[in-house]
Amino acid sequence: MQTIFSPVLPDVPQAAGIWLALLAVAAVVVAALVLRPGRFRPVFGDRISEAARPSSLELAEEIRERARYAQEIEVAATRAAATAERRRTEWLAAQEEAEGAWQAYEAADEDVQRLAAAAALPLPRTARTPAEYADRERWLHRAALDAQWRKEITVPQLSDILGHRGWDPRRHPVEQELLLRRLVRDNLRTRQQAAREREQAAWQAAELAAAAARSLRDEAYTAARPAPEAQSALSIVDFTGPEATRELPAGPAEVTREIAPVARGRAAVPVY
């Protein structure tokens, strides 16, 4: 009696023989890999690593790109260093200006204290005549002009003194000089504060420029170093099996490698 499997049954032994032959070949290959791995490592591992490694043209292009980048960074680092040096020079000049403004203010304050002590004493009596008032007015105008010539008072302040706006020319010269010295002291105090603000701004600019120069210098040093050879992930595949494994000697202490941290600080004056 024939069934639906009757046409297929004669081919079953042939198919089974083919499958058994394939399984036998696979078993032989696996056994060879396990027992003699060194014979197949150059055949498979080297070819796979060679296929994964970039070509010579790609390596040459990468080298040119790195050289061009290193040159650009070197130029930027040189310009940043020049800018940092210029900012440092500006800061030193602003520091000297602020120090000079402070010394001028201290001298003006000493003059005010000295004149205040003198004004506290009884003033000499003089005849209140038109000639005396004219002399006092001339003295006030001359003292104001000298102060403006020394840049101790501004032109609007000189105009107020000459126009007698807020100033009484009939006062005694000691009182007039005390008022004038107080005005000069206040002006110098304002200038000293402005000079101090400029000095602080110049210091901050110098610090930023120095930090930028250090960063570019480090980046230029890193870019100038030769690039490490790229290693493909397939080249580290282990084809050797258990025989290539080496054990580290056991001991009470572990062998470690530490990377020393790079100390970085913030200097008040950039050093090159």
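Because the model is predicted, local features were considered at pLDDT of at least 70 and side-chain atom pairs at pLDDT 80 or more, whereas totals for chains, interfaces and linings use all residues. Residues are numbered from 1 along each chain as its sequence is written, and side-chain values use heavy atoms, with hydrogens and water left out.

The protein chain contains 6 helices and 0 strands, where helices (H or I, at least four residues) and strands (E, at least two) are DSSP runs numbered from the N terminus; the order of elements from the N terminus is accordingly α-α-α-α-α-α. Of the 272 residues in the protein chain, 19% are buried, the term denoting a relative accessible area under 20%, with exposed set at over 50% and partly exposed in between (1.4 Å probe, protein chains only). The accessible surface amounts to about 20,700 Å², 59% of which belongs to carbon and sulfur atoms, as computed by the Shrake-Rupley method with a 1.4 Å probe. Among contacts (heavy atoms within 4.5 Å) with a separation of 6 or more, 82% join residues 24 or more positions apart.

Helix H3 (residues 56–119) packs against helix H6 (residues 173–224) at an angle of about 165°, the axes lying 5 Å apart; axes are lines fitted to C-alpha atoms, for helices over the stretch in contact, and angles run from 0 to 180 degrees between N-to-C directions. H3 is therefore roughly antiparallel to H6, given that angles over 145 degrees are so classed, those under 35 count as roughly parallel, 65 to 115 as roughly perpendicular and the rest as oblique. The contact of H3 with H6 comprises 35 nonpolar, 4 polar and 19 charged residues, with Ala, Val, Leu, Ile, Met, Phe, Trp, Tyr, Cys and Pro counted as nonpolar, Asp, Glu, Lys and Arg as charged, and the others, Gly among them, as polar. Gln95, located in H3, is partly exposed with a relative accessible area of 36%, and its C-alpha lies 8.6 Å from that of Arg198, 103 residues away in sequence.

Helix H4 (residues 130–149) also packs with H6, their axes coming within 10 Å and crossing at roughly 25°, which makes H4 roughly parallel to H6. The contact residues include Trp139 and Leu140 of H4 and Leu180 and Arg181 of H6, and by class the contact has 7 nonpolar, 1 polar and 3 charged residues.
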